[in-house]
Amino acid sequence: MKSKVYFIPVENTDNIQLINDKLKNLLEKSRVFDFIPKASRVAVKVHFGEEGNTGFVRPEHLRVVCDEIAGRGASAFLSDANTLYRGRRLNSGDHIKLAYEHGFTKETTGVDVVIPDDTKKNVSVIGIDQKYIKDAKIVRVFIDAGALVAVSHFKGHILTGFGGALKNIGMGCASREGKLAQHCDLAPVVYSDRCIGCGECEIICPASAIVIKNKKSEVDKFKCIGCASCLAVCPTMAMFIDFNAGDNVQYKMVEYALAVLKGRKNKAGFINFAVKINKECDCWSMENPRIAPDVGILASNDPVAIDKASFDLVNKACGKDIFKAVHPEEDGVRQLEYAYEIGLGSLDYELIEI
């Protein structure tokens, strides 16, 4: 059976009101939020953008999404998880401040921003027993919410070919330990020429896997649990993980998406903004080149179908697989096929233009 994907074309991304009118029309006619229970608290998963990047979905558009949720008798909040890498989204305090600076204030969006810290109480362990991931570490707020809506900027990605709904929830809802598990299976290594022996990594390590010897950090890879806390506190960036060493990052990301949606099949909503389609993720702390013309906004209750439709529409507009062209070593089709294989959704869809 084909999954329904609703689509409305968008050409001028500078006209905020025009896009908001189109988005409102899309949400009303698609009825993709019909699954949301009254009086429920809805987690709206969004990427707030790294400092220096403006490719993220604008906060004014999130207001339309949250107002639609409120109109159904539910309440929404915007949320994301903290990152592995050093930057303004590394910890909850700075992450929230950056979200406000990018316009995601209550005055603009009508709702609160909730970004939990990475303490154990804020992480849920979801058993999925898949090929690569047995137990997924998900930020609890996404699991405890009464409903989930993912608003994703569809664009290229250096490790996954492209990033859409599957990446937004699979990688985006994972705790820092979960993100590390997706990127690689390696413990951190220490650049001894950078290490100053300050001991900050030893102090923060929850597994006592790091000790200072001869004024340098040493990591016991057998004790390391992969939480990446040492990367966050190292003042000289002497702790390093080769994220590209994870050959199976797309498969792990998809399995994490399965964990986030466990028990929520057809009970989640997905909106993809296939506009301002950049070469790289919104995590880049800089502008990066656009690789495709604006296509439009898509909505569905099937994360696989909406990503497949977004992928097809963008490539049709470019006349080729533009994601493969800009990232020749990655094939984003793998994430789609694997997501279908493990039952996350359908590759066969009916595109309904609004």
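Predicted model: local features only at pLDDT ≥ 70, side-chain atom pairs only at ≥ 80, totals over all residues.
Eight strands make it up, and it is an open one, with the order β4-β3-β2-β7-β14-β15-β1-β16 and mixed pairing. At the edges you'll find β4 (113–114) and β16 (349–353), each of which pairs on one side only. As a bit of background, strands of a sheet pair through backbone hydrogen bonds, and they can do so either parallel or antiparallel.

Now follow a stretch of that order. Strand β2 (residues 41–45) runs parallel to β7 (residues 147–153), and four bridges link the pair. If you want a place to look, Val-42 has Ala-147 in β7 as its bridge partner. Helix α2 (residues 59–70) packs on the sheet here, touching β2, β3 (75–79), β7 and β14, and its direction makes about 145° with that of β3.

Step on from β7 and you reach β14; these two run parallel and are joined by six bridges. One spot to check is Val-149, whose bridge partner in β14 is Gly-269. Ile-271 pairs up with Ala-299 in β15 as its bridge partner.

So how enclosed is β14? Seven of its seven residues are buried, so the strand is largely enclosed by the rest of the structure. Both of its faces are covered: one side carries Ala-268, Phe-270, Asn-272 and Ala-274, the other Gly-269, Ile-271 and Phe-273, and all of them are buried. Helix α1 (residues 16–30) lies across β14 (268–274) too, along with β1 (3–9) and β15 (296–300), running at about 155° to β1.

Met-286 has a relative accessible area of 42%, so it counts as partly exposed. Together with Ile-158 and Trp-284, Met-286 forms a nonpolar surface patch with about 270 Å² of accessible area in total.

Last stop: Ser-124, which belongs to strand β5 (residues 123–127). Leaving aside residues up to four places away in sequence, Ser-124 touches Ala-136, Lys-137, Ile-138, Arg-140 and Ile-143. Take Arg-140: it is 16 residues from Ser-124 along the chain, yet their C-alpha atoms are separated by 5.0 Å.

Notes: Residues numbered from 1 in each chain as written. Heavy atoms only, no water. Pairing = 2+ DSSP bridges. Contact = heavy atoms within 4.5 Å. Axes fitted to C-alpha atoms, helices over the stretch in contact; angles between N-to-C directions. Patch = residues over 30% accessible without salt bridge, like charges linked within 9 Å, V, L, I, M, F, W, Y side chains within 5 Å. Areas by Shrake-Rupley, 256 points an atom, 1.4 Å probe, with all protein chains shown as cover. Salt bridge = Lys/Arg side-chain N within 4 Å of Asp/Glu carboxyl O. Buried < 20%, exposed > 50% of the residue type's maximum accessible area, 1.4 Å probe, protein only.
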